[in-house]
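Please keep the sequence and the coordinates at hand while reading.

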Amino acid sequence: MKQNTYKLALTGLLGACAVALSYLESLLPTAGFLPPGAKPGFSNLANMFAAAALGPLPAFGIALLKAGFAAFTRGGTAGLMSLCGGLLSTAVMLLLFRRDKKLGYVGIGVVSAVCHNLGQLAVAAAMVGSRSVLLYLPALLLFGAAAGVLTGLVCRAALPALLRVLRRK
């Protein structure tokens with residue numbers, strides 16, 4: 001019982017961190033050479049921590065919370081793109097954390113960031129009704145890979161401390 005309460009509280013804290021980081025990212029201007037809306041994905045750190053340490057329910061819960069926050073603050077399109085990208089990247093993260101011991105945090109960060117971008121691009125293509133948005137794919141893949149390296153490095157540095165805290169409770 002105490003462990004479940006602690007896990008729920010930690011999920012809430014990670015969710016709050018994800019929302020705060022998402023908000024801060026929304027304030028960053030998009031560089032002129034990047035597709036509209038390209039952001040570093042720091043809020044995905046909360047999903048990575050949850051996927052690695054807490055399991056599927058907290059990880060998907062955080063992805064849903066982030067999508068709801070995006071919909072509330074930036075509109076339905078942003079919410080739908082966040083939902084599709086977030087659910088796809090979280091599913092891939094969970095799968096890789098459970099199945100692939102060789103890829104490491106950086107590799108998982110890269111693959112999940114690219115999947116997040118692919119989920120968002122699929123929504124954009126469906127909404128526009130054209131494959132022309134796929135012209136953004138090379139830039140999104142490159143930017144997503146770079147963002148994934150960064151989030152993977154942060155996760156690799158911080159996750160062991162989080163896991164030690166979880167084991168004490």
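The model is predicted: local features need pLDDT of at least 70, side-chain atom pairs count only at pLDDT 80 or more, and totals for chains, interfaces and linings use all residues. Numbering starts from 1 along each chain as its sequence is written, and side-chain values use heavy atoms, with hydrogens and water left out.

**Confidence and annotation**

pLDDT is the predictor's confidence in each residue, from 0 to 100. The protein has a mean pLDDT of 87, and 94% of its residues reach 70 or more. Helices here are DSSP runs (H or I, at least four residues), as are strands (E, at least two), numbered from the N terminus.

An unreviewed UniProt entry annotates residues 48-65, 77-97 and 133-159 as "transmembrane region". Such annotations may be inferred rather than shown by experiment; their positions are given in the numbering used here, with feature names shortened. In the model, residues 77-97 are 100% helix and 0% strand, with end C-alpha atoms 30 Å apart. Residues 48-65 are 89% helix and 0% strand, and their end C-alpha atoms lie 14 Å apart.

Helix α2 (residues 44-53) is mostly covered, with 8 of its 10 residues buried (under 20% relative accessible area; exposed is over 50%, partly exposed in between, with a 1.4 Å probe and protein chains only). The buried residues of α2 are N44, L45, A46, N47, M48, F49, A50 and A51. After α2 comes G55, with a positive phi near 110°.

The table gives the packing geometry; axes are lines fitted to C-alpha atoms, for helices over the stretch in contact, and angles run from 0 to 180 degrees between N-to-C directions.

| Helix pair | Angle | Axis distance |
|---|---|---|
| α2 and α3 | about 165° | 8 Å |
| α3 and α4 | about 165° | 8 Å |
| α2 and α4 | about 40° | 9 Å |

α3 is therefore roughly antiparallel to α4, and α2 and α3 are likewise roughly antiparallel to each other. α2 is oblique to α4. The classes are set by angle: under 35 degrees is roughly parallel, over 145 roughly antiparallel, 65 to 115 roughly perpendicular and the rest oblique.

Contact means heavy atoms within 4.5 Å. Between α2 and α3, the contact is made by N44, A46, N47, A50 and A51 of α2 with P58, A59, I62, A63 and K66 of α3. Between α2 and α4, residues N44, N47, M48, A51 and A52 of α2 meet T90, M93, L94, F97 and R98 of α4. The contact of α3 with α4 includes A59, F60, A63 and L64 of α3 and S82, L83, G86 and L87 of α4.

**Two single residues**

A53 is found in helix α2 and is partly exposed, with a relative accessible area of 22%. Leaving aside residues up to four places away in sequence, A53 touches L159, L162, L163 and L166. A53 and K7 are 46 residues apart in sequence, with their C-alpha atoms 9.6 Å apart in space.

R131 lies in the loop between α5 (104-128) and α6. R131 is exposed, at a relative accessible area of 71%. R131 and L121 are 10 residues apart in sequence and 9.6 Å apart in space, C-alpha to C-alpha.
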